[in-house]
Amino acid sequence: MSTDAAATKNLYWAGFDLGGTKMLAKILDSEYKTLGKKRRKTKGHAGVEMGLERMLQTIHLALEEAELKPGQLAGIGVGCPGPLDLKEGIIFEAPNLGWYDVPVRDVLQKEFGCPVVICNDVDAGVYGEYCFGAAKEASSAIGIFPGTGIGGGAVYHGQLIQGNKSSCMEIGHTKVLPDGPECGCGQYGCLEALASRLAISAAAAQAAYRGDAPALRAMAGTDLSNIRSGILASAIEEGDESVMNIILRAAEYIGIAAGNMVHTFSPEVIVLGGGLVEAMPDLLVNAVAKATRKNVMPTFKDSFKVIAAQLEDDSTVMGAAAWAQKMIQETTALKSDPNP
């Protein structure tokens, strides 16, 4: 290795967000300034082999933009959907991609010759907000990210809360309404079945069909697939009170789940993220904050604040890279300690 290469090695990190419809790679320097990035369509269900090849190509293209070589990477962090084997670096199941038992870590390590750390994509997003965004000054934080489902994550004094081998904090599958509607997980009354964007859009489509949401019907009809977060926000701005009430009812359920997390974890900050929150931050933050305070003991009412995420698409890639750096450096320090 040349002197220049040796001097620059271990200064650069890659963050990767393996999203549902798009993947994003970023190359970051030691101060987490972006040097190169590349976003591409995930092309879900195109097959595992093609999907992994697109991942590799996307990171290579980001490296080219940064004018760096793979050997200059100190490590790669990957935010992955679905249940994961964190110790082995395997995606157990990512239905949106059609992936099962995929050894992401081993494939990336072989290609780039550096350590790779995977974590749940929402965990990575919450960690990104903790390190660089809305929760930067907090000692502890939980994140709730309503989307097609509802993801959650938690950080306590710099440590991601994870299970023994896999991610945890499945706040979307906490029960908030006994005997409520069936969830995709097979249980009943889960937060996800009541307050995800999919659940909200389904209720809004029914309102449009009944004639209770004329603005929404004019903009998107009654087809559930057309009712996205931005459309819902526009319908409210145009005066659809029924859509507003659907959103507020969802916020009530999120507040119940968040209240349970406050009693369990007592976070300093609750971060709300995802496309739904980005489309109507003031409405959802205020409504969830009010609902959470209504559902906690008096002692806890003023112990936390609810805020909107700040980093948007950058939260997962930056959080994944930062978590990889932490894990790799801790492992290196442990190996070099003669008296662990």
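Leaving aside neighbours within four places in sequence, which residues is Asn120 in contact with? They are Gly79, Cys80, Gly82, Leu84 and Ser167, where contact means heavy atoms within 4.5 Å.

A quick word on the model: it is predicted, so local features need pLDDT of at least 70 and side-chain atom pairs count only at pLDDT 80 or more, while totals for chains, interfaces and linings use all residues. Residues are numbered from 1 along each chain as its sequence is written, and side-chain values use heavy atoms, with hydrogens and water left out.

Back to Asn120. Asn120 counts as buried because its relative accessibility is 10%; buried means under 20% relative accessible area, exposed over 50%, and partly exposed in between (1.4 Å probe, protein chains only). Asn120 also caps the N-terminal end of helix H4, with a side-chain oxygen 2.9 Å from the backbone nitrogen of Val122.

Here are the two elements around that spot. Helices (H or I, at least four residues) and strands (E, at least two) are DSSP runs, numbered from the N terminus.

| Element | Residues |
|---|---|
| Strand S8 | 116–120, with Asn120 in it |
| Helix H4 | 121–132 |

H4 reaches 16 Å from its first C-alpha to its last, close to the 16 Å expected (1.5 Å times one less than its number of residues). H4 is mostly covered, with nine of its twelve residues buried, including Val122, Tyr127 and Tyr130.

Of its 48 residues, Leu191, Leu216 and Ile270 touch the most other members. Helix H9 (residues 241–265) gives the most to this core, with eleven residues.

How values were computed
A nonpolar core is a set of buried Ala, Val, Leu, Ile, Met, Phe, Trp, Tyr and Cys residues joined through side-chain atoms within 4.5 Å. A polar contact is a pair of N or O atoms within 3.5 Å; within protein, one must be able to donate a hydrogen and the other to accept it, and residues adjacent in sequence count only if both atoms are side-chain atoms.
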